Amino acid sequence: MEQLWGPLRRARGLSPRSSQTIYRRVEGTQRGHLEEGDNGDEGPEPPAPFCPMELRGPEPLGSRPGQQNLGSWAAAGRRAAPYLVLMALLIFTGAFLLGYVAFRGSCQACGDAVVVVSEDVNYEPGPDPHQGTLYWSDLQAMFLRLLGEGRLEDIIRQTSLRDRAAGSAGMAALAQDVQAALSRQRLDHVWADTHYVGLQFPDPAHPNTLHWVDAAGRAGEQLPLEDPDVYCPYSATGNATGQLVYAHYGRPEDLQDLRARGVEPAGRLLLVRVGMVSFAQKVATAQDFGASGVLIYPDPAEFSWDTHKLGLSSHRAVYGHVHLGTGDPYTPGFPSFNQTQFPPVQSSGLPSIPAQPISADIASQLLRKLEGPVAPQEWQGHLPGSPYRLGPGPGLHLRVNNRRVSTPIRNIFGCIEGHSEPDHYVVIGAQRDAWGPGAAKSAVGTAILLELVRTFSSMVSNGFQPRRSLLFVSWDGGDFGSVGSTEWLEGYLSILHLKAVVYVSLDNAVLGDDGFHAKTSPLLINLIQNILKQVDSPNHSGQTLYEQVMFTNSSWDAEVIQPLPMDSSAYSFTAFAGVPAVEFSFMEDGQAYPFLHTKEDTYDNLHAALRGRLPAVAQAVALLAGQLLIRLSHDHLLPLDFGCYGDVALRHMSSLNEFAGDLKARGLTLQWVYSARGDYIRAAEKLRKEIYSSEGSDERLMRMYNVRIMRVEFYFLSQYVSPADSPFRHIFLGRGDHTLDALLDHLRLLRTEGAGGFQESRFRRQLALLTWTLQGAANALGGDVWNIDNNF
């Protein structure tokens, strides 16, 4: 530093007068200008008004005293210049490092969450330049202000009064009204898709029948079907004859227990209760055990014994389809835009045995005729005067005459385009059709959907600009197995797995008001938990929804979070298309809503079941769904927990570990799948660290991260099986030999007597499918191919 200041000190001795530029006023023709002059010992001139200035440089050397020192001054300046530059660089570098360390410290303090949205996170300004920036708190307040509770109740009531069975004239009129309602809002696009699908309906000229059979095998007295319009869509048609056997819920474990108690289900008609699993699963299980047909009834034990609460009439039967799958079963894997394009094929999920719903009254008559051992205590129901024996009992003859009809269905769409990532869609949908009044089944969801469209449209008018596009959909054909939504997925699968971010289902949203369940992809669990903490409880003042839920449920993961069921429209999005999805429901604690899928699912019954709180609960659902949409459509980084599947895999690995000894005795190992899981966890942690150390305002970088995050669900669709043969390719949530559940079922055969059912070749194939799908997910999450550790 002494070397730097030395020349400057030497230069200090030089007179500054020789290098200063002095300005003086120019008289005469140059009035108003200043000219250079000597400032000597003259005092300051009095202030003058502003005038134009003329700048003149210093006089040439030799024209003034002291000019002999200018050369020395210039030389000193040239010698000092490199040192000045070096000092400036050192100061700049030190300041930069201090700022970087401070920023990194604050970033690390953010915790483990990938995205933190708070009131300090700003959003894009609205179209009004005077409005300013919209913050998260502003968007919440705007949404709450614009959402109208009264409109929800009116739409639920009006919709439930309309005939809207799929394919009916009433449904066509409602579809037009919904499309017109969307067109009146401030949406960028409104359109409809029409599909021609194969639906099954009863034959009015030849109704389904049930008869007693005498000892000689001849049909005898007919048992009246008290609800003759109720049927099971996609049941096999034809006759089924056999002795009656009571099989509880018709689950695999129920039929295994039945067989263990000496009652053979093969060749018999099974009497099973509504509940626990879907109608399709009951019939598929009965078929696997060799039964000839299935009768399904609602037992009062499923509902409350409280006389102050409503219950289902004993002469009512419950509707439900029996296709073990989703979509049009006559064009599996293909969209039904025009059925003539495809060869006549059928879904493997169609049953080969007939099934028919019956009322509790008819079931009671049948149970009283049964003989054999008494059913276990946990199988006992609440039908009066019925001993609940296992059977077998007298013979029955069931005839099903349903007929297939080619039916047009229409899905209605409305879109608000995003401003930064318009090609990424956040989708929210609700079933529009219903068998019967369908107040809880689809009227509530339709009302919430329309109210969300209106609310977000108003938010756009008030300055809200989502980063990603919002897609609102009203589905048709839902009561036949999510036909409308699945056909749309099949038609646009190559686009949607790249563009759809999340699907939110509004079906079955209000079935009570005490309990809450979220049927969801693991990617959304943390986000749902955070949103519940920001929504007020509809029936507990001063509590949030999260506090209400945790007050009645001790375990969040075990009691609140549930896997997606196949009978949900959300299931196809995740298990078939690889899009994370959620369907949430409010329900009564300790009982099911008794009127679902019946002619008694009316607005009045739903309103009475909720003791007048229907509007408040429906609004709570709208608040929950709306805040999910805001977060998913407007957070700079998608709030999806991409690391969660490492924990999901770990939980399944603990089940696999039980069989490690059995496999080792056969010279087999599970090491490869353990290694793949480890690679996934490391890839997720690497991505998380990259995000922490990145600049959040870098739009290009954020988009790259979002693409990797939004496709995580798709990574778990096995690329090694055909979508036509195994449409639900998800290794954790799907169905088929490629899934982890199938591998576990196969391994359990090692513990059966003789282990004769275990096949080593099949095990090796299952393990390879699972391992390489999990490894592929790890590689995809890891980023570019040159960054992937290939030492697997």
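Helices (H or I, at least four residues) and strands (E, at least two) are DSSP runs, numbered from the N terminus.

**Figure 1. Overview of the protein chain.** This is a predicted model, in which local features need pLDDT of at least 70 and side-chain atom pairs count only at pLDDT 80 or more, while totals for chains, interfaces and linings use all residues. Residues are numbered from 1 along each chain as its sequence is written, and side-chain values use heavy atoms, with hydrogens and water left out. The secondary structure of the chain comes to 24 helices and 18 strands. Of its 792 residues, 53% count as buried; buried means under 20% relative accessible area, exposed over 50%, and partly exposed in between (1.4 Å probe, protein chains only). Among the contacts (heavy atoms within 4.5 Å) with a separation of 6 or more, 76% join residues 24 or more positions apart.

Figure 2. A nonpolar core is a set of buried Ala, Val, Leu, Ile, Met, Phe, Trp, Tyr and Cys residues joined through side-chain atoms within 4.5 Å. The largest one here has 174 residues, and those with the most contacts inside it are Leu-295, Leu-366, Leu-452, Phe-456, Phe-472 and Tyr-645. Leaving aside residues up to four places away in sequence, Phe-456 touches Phe-143, Ile-416, Phe-464, Leu-470, Phe-472, Gly-626, Leu-629 and Ile-630. A second, separate core has 26 residues, including Val-473 and Trp-475.

**Figure 3. The buried side of helix α3.** Look along residues 136–146 to find this helix; its buried residues are Trp-136, Leu-139, Gln-140, Met-142, Phe-143 and Leu-146. They cover an arc of only 165° around the axis (taken from the directions from the helix axis to the C-beta atoms), which puts them on the same side of α3. An α-helix has 3.6 residues a turn, so residues three or four places apart point the same way.

**Figure 4. Strand β8 and its partner.** All five residues of β8 (residues 293–297) are buried. Gly-293, Leu-295 and Tyr-297 point one way, and Val-294 and Ile-296 the other way. Strand β7 (residues 269–273) pairs with β8 in the parallel sense over five bridges; two strands pair if DSSP finds at least two bridges between them.

Figure 5. A salt bridge is a side-chain nitrogen of Lys or Arg within 4 Å of a carboxyl oxygen of Asp or Glu, and the whole structure holds 31 of them. In one, Arg-467 meets Glu-421, with the closest N and O atoms 3.7 Å apart. Arg-467 lies in the loop between α9 (439–461) and β13 (468–475) and Glu-421 in β12 (residues 421–431), so the pair ties together parts that are 46 residues apart in sequence. Both Arg-467 and Glu-421 are buried. In the other, Arg-703 and Asp-423 meet at 2.6 Å, N to O. Arg-703 is partly exposed, with a relative accessible area of 29%, and Asp-423 is partly exposed at 24%.

Figure 6. Asp-635 and Arg-631 form a salt bridge at 2.7 Å, N to O. Asp-635 is buried at 1% relative accessibility, and Arg-631 is buried at 6%. Elsewhere, a network of salt bridges links Asp-227, Asp-229, Arg-316, Lys-599 and Glu-600.
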